[in-house]
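Please keep the viewer open as you read.

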Amino acid sequence: MSQILDLKNWYLSNFKSFEHSLNGESNHPIHALRKQAIERFSELNFPTTHDEDWKYTNISSLLKYNFKPSVGRYKLKREQITSLLFGDMKCSLLVFINGHYSEALSDVKNFSKGIIAGSIEAELKNNSEILYKHFGKYADYKEQIFTALSTAFTKDGAFVYVPDGKIVEDPIHILFVSSSENENIISQPRNLFIAGKNSQVSIIEHYAALNEDVYFTNSVTEIYTDENAVVDYMKLQEESKKAFHVSRIEVSQERNSNFTSHSISMGSEISRNDINAKFNNDGGESTLNGLYILAGDQLFDTHTLIDHAKPNCNSHEHYKGILTDKSRGVFNGKVIVRPDAQKTNAFQENNNIILSDGALVNTKPQLEIFADDVKCSHGATIGRLDEDALFYLKSRGIGEEKSKIILLHAFASDIVKTIKVEAVKKYLEAILENRFQHE
Amino acid sequence: MLEIKNLHANIGNKEILKGINLKVNAGEVHAIMGPNGGGKSTLASVLAGKEGYVVTKGEVIYNGKNLLELSPEDRAREGIFLAFQYPVEIPGVSNTNLLKTALNEIKKYRGEEELDAMEFLTLIKQRMKIVELDQTLLSRSVNEGFSGGEKKRNEIFQMAVLEPKLAILDETDSGLDIDALRIVANGVNKLKSKERATIVITHYQRLLDYIVPDVVHVLYNGKIVKSGGKELALELEEKGYDWIKDPKELIEH
């Protein structure tokens, strides 16, 4: 315990220097929130496996490091990030280095009037009204220590605002690249995406590293979809294999809004992902899809929560995992259907393929249904590659390794094929091809 | 082409094949008949190299090679094709993708040039006609949602594309209506040649009206208990299988 107390003191003292570095900014309205959050952080404890929500995810190796909050402007050359872009896809590009916006590397399209894609820091400086209306409103810091930490250190992150009736034609690619050069940095991007009434946007949140460094990404993303808005969201996590990744995504959906997400995870030694969607009004639709591919000692944990607070909403959830070596997967899918939420459709599925004796998956559907006129289903499978299918392919002359690649591809394709942005789909296909080459 | 000598094989501790002897020459069609549980499908699986079968005795020589030492994929590359009794559904793998990969892997093994996309397309279009397969099935996942008849036709279609030297049809006729049966048999007949041999495993004589065998074998209780010409099949149809179960009958014959 003493070690963890030290760690809390470490972040508390870092907060002081962080505050100091803000200079005049400490009078800023957001600073009151930072202070409340650090106060709460000091009261909360880091989770242990005794906490139900962290039962299978031991983060003691994360707590061994005194990660330094990343400060200042890091610089990278364009060539260094080229391989992380999706070919020559037409898009707006926002680049963050260790959590800080890089204007030099970013390339934002001339949007039609009112659309904003940029950094939270700039928005804070502008005292943007729309930011205050939404920032911190969905990801409550009071119960989660990592959100409290993130809120306390609010500084930068991605900000997207699409006003009512506007459609952003090309996707917005937000690249968070880590280049910590053995400094054990913690990056804490705070992202806020707001889609106005009848608007449409596609956003890709992409985490990647230039080196196999040890660092910690603690990200919080808040997404607000106003009435009849359509948001296609993707999180592609390709962090260093030695990195730690804690992310929380909160989606708040208004009437008839449509939110689709794909969460693709391949990096990190430990990653913990919370993705929660709430229907505030009737007629919403939410799709949470995910694919995790793990090897070595990687641990991946996803907790999802879909809150059917209102009637006539649909949710679809499909997560798939491929695990080898001694990797661990945790999937916890909670669906709440509240008493008002009649005519709810909620479907959930989690399928896993385990390629080695040492890999392990803990999967848990958690349905809490308080309405009586609903359709809900859930399913979970953990298995090996289908031996009959493997033999079938081999019996046609296809080699063992290639047969396995074909089957793993096929398994993943359910998720990959639902990705709407073609260039991203291709980028992912190429990664999968490589990744399975030696399984 | 194929010579099976005193082949014994187990599943677990249970002996299923109890000394099979069989010689198949190029250009010949052999039918293997017999009651269920006699070991027909086990023989097909052992020849194709399916895991879970242990050969305890005997050998299988295929074109001068020890077949049992080859991996399943190398057997296929050497020209053996098994049409499965129960073709597996493989969601997410398209029929075209499977065939293209298989064909090119086989060609690579044989040191032949791989087909480009156009050549491949021309080939499969031509071969689809042989089994009257609907073109939409090409882009669909292997056997997924196919009817029983479509699955069996798809097996023969794959055979037509891969052009094996030795084809083993494991109860390809079971569950087929007469139209589908004719199509399947027609496909097999069109592929017949002097260089190729076919082993037709079936429970029913009906298929043999369409695929006329040179030799008919009766496999019972892990052994080939009787071999004869095509008229043997008719006799089996007439009398059923009970008489072969009685050793005395066999001697009298």
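Predicted model: local features only at pLDDT ≥ 70, side-chain atom pairs only at ≥ 80, totals over all residues.

## Reading the sheets

Two strands count as paired if DSSP finds at least two bridges between them.

## The four-stranded sheet

One open sheet of chain B has 4 strands in the order 2-1-4-5, and the pairing is antiparallel. Its edges are strand 2 (14–24) and strand 5 (65–66) of chain B, each of which pairs on one side only. Helix 1 (residues 40–48) of chain B packs on this sheet, where it touches strand 1, strand 2 and strand 4 (53–62) of chain B. The direction of helix 1 makes about 110° with that of strand 1 of chain B.

Over 8 bridges it pairs in the antiparallel sense with strand 2 of chain B.

## The six-stranded sheet

Another open sheet of chain B is built from 6 strands in the order 6-9-10-3-11-12, with mixed pairing. Strand 6 and strand 12 (223–228) of chain B are the edge strands, each pairing on one side only. On average, neighbouring strands of this sheet are turned by 20° against each other, direction ignored.

For a parallel example, look at strand 3 (residues 29–33) and strand 11 (residues 215–220) of chain B, which are joined by 4 bridges. Here Ala31(B) has Val216(B) in strand 11 of chain B as its bridge partner. Helix 1 of chain B packs on this sheet too, touching strand 3, strand 6, strand 9 (166–170), strand 10 (197–201) and strand 11 of chain B. Its direction makes about 145° with that of strand 9 of chain B.

How much area is buried between chain B and chain A? The value is about 1900 Å², with carbon and sulfur atoms giving 65% of it. Glu73(B), Phe84(B) and Val88(B) supply 24% of the area that chain B buries against chain A, more than any other three residues. In terms of contacts, 29 residues of chain B touch 19 residues of chain A.

Polar links cross this interface as well: there are 10 residue pairs in polar contact, both at pLDDT 80 or more, and 3 salt bridges. One of the salt bridges joins the side chains of Lys50(B) and Asp388(A), at 3.0 Å from N to O. On the side of chain B that touches chain A, at least two residues each come from helix 2 (72–77), strand 6 (80–83), strand 7 (90–94), helix 3 (95–109) and helix 6 (148–162) of chain B. Helix 3 of chain B gives the most, with 5 residues. By type, the residues on this side of chain B divide into 18 nonpolar, 5 polar and 6 charged.

How values were computed:
Residues numbered from 1 in each chain as written. Chains lettered and ligands numbered in written order. Heavy atoms only, no water. Contact = heavy atoms within 4.5 Å. Buried area = accessible area lost by both parts, 1.4 Å probe. Salt bridge = Lys/Arg side-chain N within 4 Å of Asp/Glu carboxyl O. Polar contact = N/O pair within 3.5 Å; in protein donor to acceptor, adjacent residues only side chain to side chain. Nonpolar A, V, L, I, M, F, W, Y, C, P; charged D, E, K, R; others polar. Axes fitted to C-alpha atoms, helices over the stretch in contact; angles between N-to-C directions.
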